[in-house]
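Work through the two exercises below with the sequence and the 3D structure open. Each task is followed by a solution in steps.

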Amino acid sequence: MPDHDVDLFIIGAGSGGVRAGRIAASYGARVMIAEEYRVGGTCVIRGCVPKKLLVYASRFSDDFEDAAGYGWTVAEATFHWPTLIANVNREVSRLEAAYTTTLERYKVALVKSRAVLEDAHTVRLASGARVRAETILISTGAWPHMGPDIPGLEHAISSNEAFHLPDLPKRIVIQGGGYIAVEFACIFAGLGSEVTLVYRGENILRGFDSDIREHLRSEMRNRGITVTCGHTVAGIEKAGDEFVTQLSDGSAIPSDKVMFAIGRRPNVMGLGLESLNVKIHEHGGIGVDKFSRTSVPNIYAVGDVTNRVNLTPVAIREGHAFADTVYGGKPKPIDHSNVPTAVFSEPELGVIGLTETQAREQLAKVDIYKTSFRPMKATLPGRDTRMFMKLVVDGTTDRVVGCHIAGHSAAELIQVIGIAVKMGATKADFDATMAVHPTAAEELVTMREKAVSYDRATAE
Ligand SMILES: Cc1cc2nc3c(=O)[nH]c(=O)nc-3n(C[C@H](O)[C@H](O)[C@H](O)COP(=O)(O)OP(=O)(O)OC[C@H]3O[C@@H](n4cnc5c(N)ncnc54)[C@H](O)[C@@H]3O)c2cc1C
């Protein structure tokens, strides 16, 4: 009788876990995966996918308005939130079924149950059943953090509930300044809600390039979103059908909904990690090496639970690399540098590499190229919006080490620019590339004037 019931037990069937299971099984491993909620995890069920569908929905209001500038007469458009949510849910269920079918096709055994570790080789299911595994992969993701226990906290929703609201709130207060808060602020505003974004820091999107942060903030203001920085929510009171949000400066905002999107915490609690001596990193995620191995040699962890770069493609890549390393005889360390990323705000952001501030800290010489212009499509409707692009160049090697775009299709653009940046393209390579005209993207290869030239030797 074999020592183990399975070769690999995976806890969590999200982006990282499903990919790891499928690839490990394709190498011949006997794999079991446990999921306590819905197969597909955060991205498919209550993250990227439903969010992007809401983003698409929210952008029609601009399209209807702008159509007039192009000669169209559009009858007064009306919006029905329950229809949108029902359609989104149907698509989410379709994807969940597709993920489940993939697991079946690869003969990965799925158990719909919470799973915790009993010892380094034993997983306990909710039924009390135990499964012995040679290797264990933890891919339990992360969960919305709701902050300190302020009065009325029970009235606040997180992004999880935002996908299931029965009605579109007429007025909503959103606390947070990260990408999820900003995206939901733009979604609700686009659908017609009156939105107030409350953030404790001095500007939204901490960690992004300062020009991009400023640009988006002013565009959001132009779109009627109130962005209140330097404050926190001190309490929420229910008054009849509405909520009154008290801010740290004593002011109060009435609204129909209050949402918190102030960060996410890795799902490490209650898994049995403490007794096994699986080390938790100081950032709160499971500590792992470059092959995603924890401090216990047969236990690995991938995705948001490791709190490295919390994005779906990264979790997928980590899960895939784990399976290649452990079952495919192809050790694959993960390179977390130069990960292109997007914020599906309005306007959209696409960024990769160093911000100007990071470049000045890390490099001896930095050249900055930037441009801000009214996109062609906005001219006829007279829409008051600008597109912004910035290249951060290493002044010594001429390599483009950062690219920051705000505007239409920025997410699509940054995926492609990401290849050039990852390959080490220089500014001269960008300049040598022929423009595609008329596009917004042509600005990326036609920026000639340095906006800033920084030389540490002379700056100090
Ligand atoms: C609102 C929102 C929008 C986002 N938008 C984007 C985006 O546009 N682009 C992007 O790249 N990323 C986005 N993300 C982040 C992305 O969803 C995550 O980075 C990704 O899902 C992480 O994958 P994972 O495999 O680590 O975890 P998850 O996908 O979270 O999967 C973990 C799974 O484990 C299960 N689980 C947890 N504990 C247990 C247990 N003990 N037993 C059994 N099952 C368990 C959970 O139910 C869950 O299904 C978004 C996230 C949110 C919340």
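The exercises treat the ligand site and then a pocket, both in a predicted model.

**Exercise 1. The ligand site**

Task: Describe the shell around the ligand, its polar contacts and the burial of the ligand.

Solution: 
1. Start with the shell. Of the 36 residues around the ligand, G16, E35, T42, K51 and D304 come nearest.
2. Sort the shell by residue class. The shell holds 13 nonpolar, 15 polar and 8 charged residues.
3. Assign the shell to helices. At least two residues each come from α1 (15–26), α2 (41–46), α3, α6 and α9 (312–327). The largest share, 4 residues, is that of α2.
4. Find contacts to ligand oxygen atoms. The side chain of E35 has an N or O atom 2.6 Å from one. A polar backbone atom of D304 is 2.8 Å from an oxygen atom of the ligand, and for a backbone N or O atom of S15 the distance is 3.2 Å.
5. Take the burial. The ligand alone exposes 1000 Å², of which the protein buries 95%.

**Exercise 2. The second largest pocket**

Solution: 
1. The volume of the second largest pocket is about 1000 Å³.
2. Its lining has 38 residues, and E346, P375, K377, T385 and H408 are the closest to the pocket centre.
3. Two or more lining residues come from each of α3 (48–67), α6 (179–191), α7 (210–222) and α11 (410–423). With 8 residues, α3 gives the most.
4. By class, the lining divides into 17 charged, 12 nonpolar and 9 polar residues.

Conventions:
Residues are numbered from 1 along each chain as its sequence is written. This is a predicted model: local features need pLDDT of at least 70, side-chain atom pairs count only at pLDDT 80 or more; totals for chains, interfaces and linings use all residues. Side-chain values use heavy atoms; hydrogens and water are left out. On a 1 Å grid over the protein atoms alone, a cavity is a set of points where a 1.4 Å probe fits but cannot get out, and a pocket is an open set with protein on both sides within 12 Å along at least five of seven lines; lining residues have an atom within 4 Å of a point. Grid points are joined across faces, edges and corners, and a volume is the space filled by probe spheres set on the points. Ala, Val, Leu, Ile, Met, Phe, Trp, Tyr, Cys and Pro count as nonpolar, Asp, Glu, Lys and Arg as charged, and the others, Gly among them, as polar. A residue is near a molecule or strand if one of its heavy atoms lies within 4 Å of it. A polar contact is a pair of N or O atoms within 3.5 Å; within protein, one must be able to donate a hydrogen and the other to accept it, and residues adjacent in sequence count only if both atoms are side-chain atoms. Accessible areas come from the Shrake-Rupley method with a 1.4 Å probe; for residues, only the protein chains shown count as cover.
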